[in-house]
Amino acid sequence: MKIVTYKPEYAQAFRDLNLAWLEKYFTVEPVHLKVLDNPEGTIIAPGGEVFFALEGDTVVGTVAVRALGEGRFELTKLGVDPSAQGGGIGRTLCVAVLDWFLERGGKTLFLETHTKLKPAMRLYKKLGFELTTNPDAGGYAGTDCYMEWRAPAVVIHKAQTSGDIAACKEVFRAFSEWLPIDLGFQNFEEEMARFPVGYVHLLIAKKDGKPVGAVALKEHDKDTCEMKRLYMLPEAQGTGAGRAICERLMADAKALGYKVMLLDSLRRLDAAVALYVKLGFEEIEPYNFNPEDDVVYMRKAL
Amino acid sequence: MSIPDELFFELGIGTRMRRLYEQMSADADRIYKETGTDFRVGYFYVVFALHKRGSMPISEISRLAGFSHSAVSQTVKKLMKFGWLETCSTEDGRQKLVSLTDAGNKLIDELMPLWLGLERAVKTAMSEANVDLLAALDGLENALRGKSMYDRLREEQVIRDKPPFEIVPYDMAYRQAFYDLNIAWVRQYFKVEPIDEKVLSDPEGTILDKGGEIFFAVADGKAVGAVAMKAEGDGRFELTKLGVDPTVRKGGMGRALCEKVIERFRARGGKTLYLETNTVLAPAIALYDKIGFVAMDPPVPSPYERANYYMEWREQAE
């Protein structure tokens, strides 16, 4: 299954998949049709997005996120083909929305639903949505509850805005200061000056919106990548965020088509090395130059 | 013998095999003629199979040789005329078996010393050439049995017919490609201006953060084309930084990238989609023209020195 963003040829699927559940549980109101008949004008144009889950060339699920300004976003119009329900498609679609929301630095993500849509309610709760009072009392026809997403203590997402890229750079600077060795032999200053040139992927960890960790991915060849500069600020150490960011990096690297991930570290950083072993990394022969004498080189097939 | 200006290689492998066959069979036939019999190379597989395995139906000879039933049947008929073969029905009468006659067996006795000689000659020739031709033939026959030439060709056509690239939204994995693909054509036709460096080396800051979008054409995991759509507010968007890898088969990549921008422009309810280019880039202008861009006077001067041609997109009547 593949998640893709809006394309005009999927507009019909967006309408059909949503009408299917609306007609089953509610009465279809003009306000529904306004959105379903015109996702471009009502969702995309104001800065939102519509996602589709594809199985081959067939659309099996969809979800939309509306932009309401001032960092407020609404997750809406989640519809999964009844024959494909229960396979985690709804969850994957919602996670795509959460990532999209985080990557854009959104402040509030909410949704409105109805308590009789039990599987949907369960999914939203599992994802971290909490019931609360709607600050904007209007509400949608056919909804009886309002939920806001409470981000987990630490969130991890792709760094793709200038702000997030700059924040990663700051974390890596803190990393080089914390590291017991001088990274001069790796031309660290030059790397910082040209940052993020040389990296194909950056992940950032944030706690209450504040950057607390980062990791980078470097390409060696078409099949091989290297985990670089993993660092969690002291306040995020020991929270499991380091493990989480590694796991996300491995999943992303695999999705980018890499087959092997390499890394190097120092044996004296025993907590880090223990984490890599737990994640399935195995020690290998050196693959680059490093003047330190306790360097450990590791590899994991993705 | 490989000839000095050889023309046939993988394409023409059949010609090469026939060349080898004709060369060897001409020599063998010369030897058969010298014995004074009517036996010829073309009869060998039938006579040899019956000699080695005894009587059998035509279908079995056909299977052992890998030749068609009708080809075998014609040879058998000819050999029956020479009196070397005969056919008889099986006991249940359901099949016709081909067998050697007494004359046929006598012929084999006569030919056997020649065959042993020929076998030795082929072995020596192969060892001189230092090739294991039989192993090579086995390998190739097995490979083709696994997947025929027909299937292989069809498969390749399927790969060729589908667009050789996929259009994907911006990802940092292709960040360098955005720079490389564009700097290449700017350098080739113009000089790199400071604004080029600024935009190409900071796509996040100059395009994405400001609500713009970037798309890549990706083939085999590698970005081979890029385009950007800058958002200038009030529904005004600019199609810019269109660069394609000139070494990649075109296949409509530039067009597909532009159409993606138009699709997003429309989906986002944009009012104006414009681009600035230079008349030197005639093929690009021809493409823009084809997909609905119309040349106009620029409403404001361009920040690019090289820009001397301004176009706006117009919705085309279907």
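**Entry 1**

I began with B:E6, which is buried at 13% relative accessibility (buried is under 20% relative accessible area, exposed over 50%, partly exposed in between, with a 1.4 Å probe and protein chains only). The model I am reading is predicted, so I kept to its rules: local features need pLDDT of at least 70, side-chain atom pairs count only at pLDDT 80 or more, and totals for chains, interfaces and linings use all residues. Residues are numbered from 1 along each chain as its sequence is written, chains are lettered from A and ligands numbered from 1 in the order in which they are written, and side-chain values use heavy atoms, with hydrogens and water left out.

Which residue forms a salt bridge with B:E6? I found B:R19, with the closest N and O atoms 2.8 Å apart (a salt bridge is a side-chain nitrogen of Lys or Arg within 4 Å of a carboxyl oxygen of Asp or Glu). B:R19 sits in helix α1 (residues 13-35) of chain B and B:E6 in the segment before α1, so the pair ties together parts 13 residues apart in sequence. Helices here are DSSP runs of H or I with at least four residues, strands are runs of E with at least two, and both are numbered from the N terminus. B:R19 itself is partly exposed, at 22%.

Next I looked up B:R175 and B:E204, whose salt bridge has its closest N and O atoms 2.9 Å apart. This pair links distant parts of the chain: B:R175 is in helix α8 (residues 175-189) and B:E204 in helix α10 (residues 203-208), 29 residues apart. Are these two buried or exposed? B:R175 is buried at 8%, and B:E204 is buried at 1%.

I then noted B:R314 and B:E312, which meet in a salt bridge at 3.0 Å, N to O. B:R314 is partly exposed at 39%, whereas B:E312 is buried at 10%. Shared partners also join A:E49, B:E213, B:R264 and B:R268 into one network of salt bridges. My tally over all chains is 36 salt bridges.

A reminder to myself: most residues other than glycine have a negative phi, and most peptide bonds are trans.

A:K77 has a positive phi of about 55 degrees, although it is not a glycine. I placed A:K77 in strand β4 (residues 72-80) of chain A, where it counts as buried at 7% relative accessibility. A:R229 is another non-glycine residue with a positive phi, near 60 degrees. A:R229 lies in strand β11 (residues 224-232) of chain A, and it is buried at 7%.

Where is the cis peptide bond I noted? It runs from A:F195 to A:P196, with omega near 5 degrees. A:P196 belongs to the loop between α7 (188-194) and β9 (201-207) of chain A.

**Entry 1: a charged patch on chain A**

Last, I turned to the surface, where A:R91, A:K118, A:R122 and A:K126 gather in a patch of positive charge. Patch members have over 30% relative accessible area and no salt bridge, with like charges joined within 9 Å. Which helix gives the most to this patch? Helix α5 (residues 118-127) of chain A does, with 3 residues. A:R122 is in helix α5, and A:R122 is exposed, with a relative accessible area of 54%.

Conventions:
Patches are made of residues with over 30% relative accessible area and no salt bridge: like charges are joined within 9 Å, nonpolar side chains (Val, Leu, Ile, Met, Phe, Trp, Tyr) within 5 Å. Accessible areas come from the Shrake-Rupley method with a 1.4 Å probe; for residues, only the protein chains shown count as cover. Lys and Arg count as positive and Asp and Glu as negative; His and the chain ends are not counted. The place of a charge is taken as NZ of Lys, CZ of Arg, CG of Asp or CD of Glu.
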